[in-house]
Every structure is written in C-alpha cells, then in structure tokens.
There are 2 protein chains.
Amino acid sequence: MAQKKRTIEEKSMWDDARQMLRKAERENIETVWDRLEYQTPHCTFCELGLTCKNCIMGPCRISPKGGKRPLGVCGADGDVIVARNFGRFVAGGAAAHSDHGRDCLEALHAVAEGETEDYEIKDEAKLLRIAAELGVTVEGRTVLDVAKDLVTVFFDDFSSRKEGIAFLCRVPEKRKEVWENLGIIPRGVDREVVEMMHRTHMGCDNDAPNTMLHCARTCLADGWGGSMIATEISDILFGTPMPMKSKVNLGVLKDDQVNILVHGHNPIVSEKILEAVNDPEMVALAKEKGAAGINLVGLCCTGNELMMRKGIPMAGNHLMTELAIITGAVEMIIVDYQCIMPSLVTIGKCYHTKMITTADKAKFTGAEHIRFAMDNGREQAWKVVKMAIERYDLRDQRRVDIPGEPVDLISGFSNEAIIGALGGTPTPLIDAIKAGKIRGVVGIVGCNNPKMQHDHCNVTLARELIKKDILVLATGCVTTALGKAELLLPESKEQAGDGLKEICGALGIPPVLHMGSCVDNARILELCALLANELGVDIADLPVGASSPEWYSEKAAAIGTYAVASGIYTHLGLPPNILGSEVVTDLALKEFDDLLGACFVVEPDPVKAAELLDERIKLRRRGLGLSE
Amino acid sequence: MAQKKRTIEEKSMWDDARQMLRKAERENIETVWDRLEYQTPHCTFCELGLTCKNCIMGPCRISPKGGKRPLGVCGADGDVIVARNFGRFVAGGAAAHSDHGRDCLEALHAVAEGETEDYEIKDEAKLLRIAAELGVTVEGRTVLDVAKDLVTVFFDDFSSRKEGIAFLCRVPEKRKEVWENLGIIPRGVDREVVEMMHRTHMGCDNDAPNTMLHCARTCLADGWGGSMIATEISDILFGTPMPMKSKVNLGVLKDDQVNILVHGHNPIVSEKILEAVNDPEMVALAKEKGAAGINLVGLCCTGNELMMRKGIPMAGNHLMTELAIITGAVEMIIVDYQCIMPSLVTIGKCYHTKMITTADKAKFTGAEHIRFAMDNGREQAWKVVKMAIERYDLRDQRRVDIPGEPVDLISGFSNEAIIGALGGTPTPLIDAIKAGKIRGVVGIVGCNNPKMQHDHCNVTLARELIKKDILVLATGCVTTALGKAELLLPESKEQAGDGLKEICGALGIPPVLHMGSCVDNARILELCALLANELGVDIADLPVGASSPEWYSEKAAAIGTYAVASGIYTHLGLPPNILGSEVVTDLALKEFDDLLGACFVVEPDPVKAAELLDERIKLRRRGLGLSE
C-alpha cells in the first residue's frame, strides 16, 4: 500500500512529538517517518510473506494465486513459505525475550554464587515464594542456598532434558490438556527456538499447519518460560513493583540538568546507572559543570522497568526515542538491547548526544561500547555517568527545545500489588467480574509503528474499553501512550463505565493498570491463570482479551502468539506478513479458535477493535453463565 | 542474473540424470530445474542480502550504494541488514545440524536409561574412548553407566551453564587462543543460535562485524558441538564406519524388486528400515507379491549414513532425488528431515510412489505421517516396509525406466578407519605431508545447486586437486558425485599426481576418501585438530582447505563458516547473499584471514578454484618450512 506524504499532525497525536517533528524538519534531521516514506511502497512479495531466502537455490518469490511462479525452487508453496517466515519471525521474538531472561538468570546466578557485589537479592520473600512454588525446599535454608537451587531450576528450563518448563505449574489443567493434545507443551526455552530454525530449513517442515503449531509452542516457551523468568528474577533482584507515582512525556527532560536517557529492556544496566546518578559525588560533579543536577529518564522498556520500581520518569515510547534526542538537551543515551533504532547514533551526532552501548550482543557502529558484566556493573555505571556529566559543556543551549509539561501517572501494578490492593486475594476481582462491574479484562501491549498515527490507536482502544467496563492492563510502549493520555491516574475512572468506575473508586486505582515492560506480559499470563484456577476453568473460558494496536516487533508477534496459545483472544492493529497464505491466515484468524480456544483478529480501527473485544467478552461471560 | 533456458546436457553432467530429465519432459513432470527457470531472475535486493523482514515497520529494501533507499525504517544500513540476514541464515544451518545431534543424544539417552529395546550401543569401545576423552570415569564401570554420564556431558552442551562446549578439548591451544581473543568460544549449542536470533531482532546488534563474529561463534557451536555430537553418537549407536564397498547412481534401483528410498539425514529411522527390509518374513512377503526381493537404497545424507556403515547403495544426491522417483520404479520414499524437496510428494503422486514422513518436526502436506519415536522405531519400520511391499502391485512397469549401470565405490573412511589404515598413528600421513607426497588435504563437501551444471564443479575440482597431490576428503552430496566419477575407487590413483598415487598405492586407498554425511564434517575438523596437535601448530597453519563447490543450503553456509573459524581456507562455488555489503563481503573474503587465519574465496570455475586452494596450500607449506 502506498504511503502518501503525511502531515506532522497525522504522524503523531501528541504535541511533544509534533513540536520535535517540526524541529527535525527545520534542522533537516531524518526520522523514522521519513525513512518509512522512502521505503514505501514495500515489496508486495515480502509484505505477503511470499519471499523465501532460506537457501541459495533462490531467493524465491511466490506469485499470489494464479501467477507464473507458483512454487519455490525446492517446490515449497506459498503456504509453506509464509508459515516458515512467520516461524522465524516469532522465533526472533521468543529468542529476544528468552535471551533477556537468561541474562537475568546469569545475574541471579552470580549473586547466589557470591561472584558479584554489584547485585543483590532485593525481594527475598518473592525468591522464597517462587522457589517453593517450583518445588525447591525452602524451610531452614539460607536465602542464597535457595537461590542456588532456583537458579538450577531455571537453567534447566534453558536445557533439553525436560518434558516441560517449570512454570507449567501455573498453567490451568484444562489449558495443559489442550497443549498436550496438540503436542505443543513447551519443553525448553532454547530448544523450541532452535527446533523452529531447524524446521524452517529447506526440506524439513513442509506443512504449514504443523509449522504454525510449533509457532505456538515456541511462543509458549517464551511467555511461560523466558519472559516469565525475566520478570520474576527482575523482581527478585530489583524489587517487586508497587504502585508509585511518576511522570511522562518529553517534558521530563530538564534544560538545566545533565540529561541521561536509558533505553532498551533489561534493568541490569539501568539500575546501576540510577545508583550512579544518585551518588552525591556525581551530583556535585554535575554542579561543578554548571548543571543543576543529573536527570535520569527512561525510554521504552528499560524506562518501564525503572519507572515501575523506582518512579523514574519516562521520556517516551518507541517513536519518541529519536525525538528525545532532537530536544538537543540529552548528554547521553545508554542502551542495552532490543528496539533501539540505529538512527539514534546518527541523530546523536547531530547534537552533542553520546550513545553508549553496554551489551556485547548489541553493538552499534558509531557508538562507544562500554561493556557491562556481572562483576563490573557499578564501576562501569560510574564511568559512563561521569562521561555524561563531562558532555554538559558541549550542549548548545540555543538548540535546546523541551516541549510541554510532564503528565503524572501511577505505575507499578505487579500481580502482587494488584492482589495486595484487593486485600490479599483475587476474590474481590472475581466477584466484580461475576457481578458485571468489571465485565472483562484486556491487556493492551506492545509498540508503536510509524505506519499508524503514533499512539492514536493505543489510546482510543483503551478509552473505548474502559467505557465498556473493561479493565485495561498496559505494558510496554503502550504504557507511555496511556500515561500521556492521563489514563494511568485514578481520576480517569470518570472516563470509565459505571461499574468499573465504582470499583476503581473503591480501590483508589486507575481503570488502566500499568503492569510493566514487554517481558512483563508474563504477569498478565500469571494473572489469567490465577483467575482461571480460582474459577476452575480454562483461560480460554475467561472474559479476557489482548491487543497490540500499534505493534511493530517480532517480540510483539511472539507475545500475541503465546496469548492466543494460552487461550486469549488477541487483537492486532496491523497484520503480520502472512496474508499471502490462505491456510496460514485462516489458522491465525479462525482455526486457532477451534484448536486453541482463541485466535487473532486484525482491525486497524480502534473503535471497531473495542467492539470485537467486547463481543468476545460477552461470549465468554455467557459461557460462564454471567450477564453479558 | 538471468538464467537462460538450458539444455538437458547443461543441466547435469550425468547420463542417468539426463535420461530421467528427458523422461520428465516427456511425461510433463516439473523438476527443480523448471522451477529455477521461472524463479529466475531472482529479486536483486534479496540476492544481495539487502531486504529485511525482521519487523513490520518494513519490509525494507536497501538500494545498493547511492540509491534512494539508503536505510531501513529503523535506520539500519545495508551492512547491518546483510550481516543480520547472514546471521539468521547460518543460524538455520547450525540449528538443523544441532537439532539432529540432539535427536541422536535422546536416542543414546533412551538406550542408557533402558527406555528402548529398539536401539543399542554398537560400538562400546568408541563410547568408552569418547567418555574418557571428555573426562567421564570409565574404569570399573558398566558401559551403560558410562553412557549415562556421557549423555549428561552432551546435554550440558545444549544448556546455558557452560563457558565452553565439551569437544573444545580437541581444539589446538593456539586455535582456542584465537577464539578467546575474539570472544567467540562457543558456550552452548542452543545458546549461540538463540543469541543470534536475539541479536538480529530490530535494535540489537547493529554493527556488522560484531554480528559476523557471532556467526563464527554460532557455527563453531555447530561444528565442534551439535554436528560432532551427532557424528560420535551415530557411531556409538550404529557402528563406526570402516572401508566398505557399495554402489552408486540410479542404476542401483531394481526393476524386479520393491524399491524403497530413504532420504534425509539421521540414521535413527533408516537403520530400522534396513532391519525390516532384511527380515526374511518381509522378503517372503515381497516375493508373494511377485517381486524378486526388497531393494533399499539411499539418497542424500541418510544414504551416506547407510552406505558408510552398511554398504547400502546410493541412488543419488540432492538433484537426483526427484529423478529417482521419475524412474517409476519406487514404491516408497521414507524421509526424516532436511534437504527433502517438497516436490517429491507431488512427483510421487505422478507415479505410485508413496512418501512417508517420520519426524513430527518435518511433516509434508500430502505425505503420510508415521511417527518414529525412540520406543517404536522397530514397530513403525516393519509397518512402513509392509506398506511399501503392498504398493508393488500398483507399479506400472511400462513407465519404469532405470538408467545405466551402478558404479562401484569404497566408502566408510572414518578417522578411526584412516588412522587404522595408517597403522594406528597419524605419523605416516604427517610424514607423507612433510615429504610433499601428499602436499595437502582438502575437504570437498556439500550439496548440489541447480544454478550450476549438476556435479560438474564437484567432480572437476576433485580431479584437479588429486592431480596436484592433494588428498581429497568427501562428505555429503559431493560423495555421490565423486563416486559416480569413479574417484572413490583405489584405481583412481592413476588420476593423481605421483606422490599421492604412491601413497594410495601403498595403502590401497583411493585418493578421495569418503568420510560421511554433512554432520560428519566434524570428522574433518577432528582430523585437522589431530594433525595440528601432532605438529604443535594451529589448524590455520596446516596445508589444508575446504570447498563447497555446488552448495545450496544454510547448513553448508554454517559448515563453511565453522571451517573458516577453525582456520581452514574455504572455497565456495557460489556466493552467499552478502554481496550487498562491502563490509560483510570484505570480512568474509579478506579480513577473516587476519582475524581467524582463514577466509572464504568464491570462484565458480573449478580449475581456478583448485589453483586458489593450491596457492593456499603452498603458502602454508612454506610457513611450516616444507617444500611447496
């Protein structure tokens, strides 16, 4: 589809974004929207999923039905090729989350073995609770001893010796039966990803439905494995999030302070940066340089991790990352991995903004690499913060333009926080659902995509849902959108339907709860499992849904797939590149419903999407014998 | 590059292939060459490696230098995109080999735990030797107990707890230092593949050289990990290959017998089929049906596995798989996984040939799936062989055309066999190298690719090399080519240079030694390590080389990459899809030489390729102070 030149207003719904887009235009700086323009129209074959580069007898492209190229050189048809491509696509997403989980695990391992003083167990109670849940003996043992055993349990999830990952213990029995019958119980986190890469090699899996089922299995290994491990260990090492105030939008940057952005996903680096920034010596150094202080702000999921645990303000989501630098006020951007546009290096060089990479697996040509390891996190953090302070001199205040005022929000609704707010049991939530005050629950998750007006779909969908008494759970880049829309404040209950408004009022919570970063969608899985187990039903029986209105990444596709495979009806604002195959498209949009009890639905219009989710919630409420 | 319509003679150098191509033409059957024709010209962007489908802000395509699309939507440039694509390409290959290795490991595990009676430890001595090599206590223990510990060692190689895989113990110290300095010691087989998938997600590794180094690491985990495990366990379970006569080409099919083809890679299924075929009751059943017997023949690497251990004849390599069915004489083709053209199902349906799939991870739409597991291999094998016999009735003898006479060959040169032939020590080989009688050793490995005249480059290169007193080691589909060219017979020493001829004559071996299937390239690594260790040098110092003249698959790219990373200069007849990036191409063709002591060279002309390999061998001989 050709993308016509859009106005700045069409590009983003936000004033802070628009102001920076105007600045970018004046200063002749290329942004993601410009690149989308010259990359449009996209290759139709690639967009339909009909190109294959998996061997060099090709590359091949399959003509949509009736064309002169019905098969690839090997003989694979469009269905097989689309399924293989989708398989590798979600494998990329599952791998990203799971490798992040492995990094968290290595940190916990280093702590348990006494190999680092830079990290520690912050939430001992959670460690002990999870250890016990996973069958580790807890009684009469030291926390570190228990940690060692828990580490072994998790490492085993990354191995090939098990028939099922550890957190299957959380999955309702009826759901496990569905998986068992389809042969998609996730065995090991890495194993499923590697098997997907094997299956999609030339001459292996040449049956699209079979490949699609392994997509489900691979993604389940992410959701209930890699991601869940990442979430739980992050809580153990850095504290379980509790409701906490923070602020959002580019206005959180300060024109008289050293501004440091942290961007990426894993809290392991950013938590150390936070410590360094809070060191009075560092603050004094900044003041020596003429700054009023040091201002650490987050972007993307690293931002979510710091916001929900420490209340650190959030500068913006995916499409704001370039614009944050364009304020001209950023001394340094420190990144770990995932969703970091390589253009940030280039844009940084248009100003005085230095980009620091920290993970050996994610270097950026043109950025400076300062390797963070388990045993040098503190040392490196102080080093880079010092470097940032020293760059304050280089800032050209005439080019600084920080738009708008920050918006307040409440973050930090972990399951522990939610259950805590409910008085220690999910019963009040279940009662509210039964009574129809909360008609259902929808997780709105994921990204931005420059193909859509920035955050419009994210925000509109949330508003529409809460109007219908549907509680919204937000993670990832959606958080920033909903925060800027003031939906993460208790006051926004006024926008909710009467039932939801009443409950929010009683509990003093917003109708939209921020549950964390992208890996934290595992919290939503856990919550769904908990509700299903309480009710003695399958997750697929619950009046719940998921949506990723503006997704762009392979991780979002993996999340969507594990949501569907877990029995959660899932809306996408944009289709994945599967439309070249009727077989694959039918599976995703229809047949998965029979096989898995849930399917995808694609709808770019957020009002219609809300209706579709509402329809599904009505159906499930009727199924449970509840009022619609 | 546009592919003009080629004559049948231009398509393959072999008479059996040409005869079947003519039959296909008469019978209006589409083959891989026809599909290549309509898939040509290929998409230039894909061919250059410049398309990216790793997120849905795209798909993107980068204009070769100076074009109007310099960057992807995220900001990734052509170098990053080419490196990411190559990363996923070799990850696919490494995953395929390694997942095959895991399947072998699960079989050994089942045997060790007494969970199956269908498999057993055939080569106890090898099991004990490898166990001891890997630090498992052997003295005074039962074979099964030792096996259990060995299984654990190998499972650990698929986990994330180790800093290095087990067979690093075979790697020369100087080589390990190279890897250590570059940070590419392979840690775990699955881990490196999954990390590659993570790195190539949007916004992770955006530095082409860094990604290319991880390509090396991932492939080393394949060569010294997954593949080596596959090879060693296959020997333990099915016997270590020893020199053995067999036959090759389509003439091995028999017009008066039930013909069963086995195709794929893992001997776990095909070894059971072989047992069933040899059962007198089954033979009697075939005779009842009017057949003279049951004729089991191999294709591709499953064929190699059976040929080198059991002398089972080989019908053909990659480009012969369709043509074997076109003989009209095949009752059944039984496949496991990898390199199995999906077109075989369709072509089978043009005759009476039934295709049976056996691995849950490799189903083919239209084929019948009969699942082989550790505990039902025997039962299923008898079942499918019976099905094959019952199809003999359906054969239309008027459509049967089996071309040519089989060619004799000698197979089965495992390292144990080679060292055995040398009198139990590599010294005679080293002495022959020192004396310049054998000037060097080159492994010719890999596939066919319909873009090249079938087997011409494979055969010509081997002939050119032995003329230059270079010993050739063959694996994979190259084996069949060299077998058909009568190069796997001791008599072919007459085509070798004087020095090589003398050695071959003295030892009674051919100048081209068949070392096995594709995973068995691990045998070549082991042999190189053994020679380097004996000489106290790095593998990169040896007068050795590798070549994959007609490669097509991701596995071949992984093999080439682990060869280069192991210090072995490697020729490719066709380039991988990397030419869109100067940075990546320079690394592969030049800078790897500085970093790793070896690099790739691409040359379609086999005579020139032989000269290039010879030049490198001269250089290395001079380096060791030997005559050129």
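Analyst: In chain A, the axes of helix α9 (residues 189–199) and helix α10 (residues 208–238) come within 8 Å and cross at roughly 155°; here helices are DSSP runs of H or I with at least four residues, numbered from the N terminus, and axes are lines fitted to C-alpha atoms, for helices over the stretch in contact, with angles running from 0 to 180 degrees between N-to-C directions. This is a predicted model, in which local features need pLDDT of at least 70 and side-chain atom pairs count only at pLDDT 80 or more, while totals for chains, interfaces and linings use all residues. Residues are numbered from 1 along each chain as its sequence is written, chains are lettered from A and ligands numbered from 1 in the order in which they are written, and side-chain values use heavy atoms, with hydrogens and water left out.

α9(A) and α10(A) are therefore roughly antiparallel to each other, a label for angles over 145 degrees. Their crossing is left-handed, meaning that the near helix is turned anticlockwise from the far one by less than a right angle.

Turning to the residues that touch (contact means heavy atoms within 4.5 Å), α9(A) contributes Val189(A), Glu192(A), Val193(A), Glu195(A), Met196(A) and Arg199(A). They meet residues of α10(A) including Asn210(A), His214(A), Arg217(A), Ala221(A) and Gly226(A). By class, the contact of α9(A) with α10(A) has 5 nonpolar, 6 polar and 4 charged residues, where Ala, Val, Leu, Ile, Met, Phe, Trp, Tyr, Cys and Pro count as nonpolar, Asp, Glu, Lys and Arg as charged, and the others, Gly among them, as polar.

Elsewhere, in chain B, 6 strands form an open sheet with parallel pairing, in the order β13-β12-β11-β14-β15-β16; strands are DSSP runs of E with at least two residues, and two strands pair if DSSP finds at least two bridges between them.

Terms used. Parallel < 35°, antiparallel > 145°, perpendicular 65-115°, else oblique.
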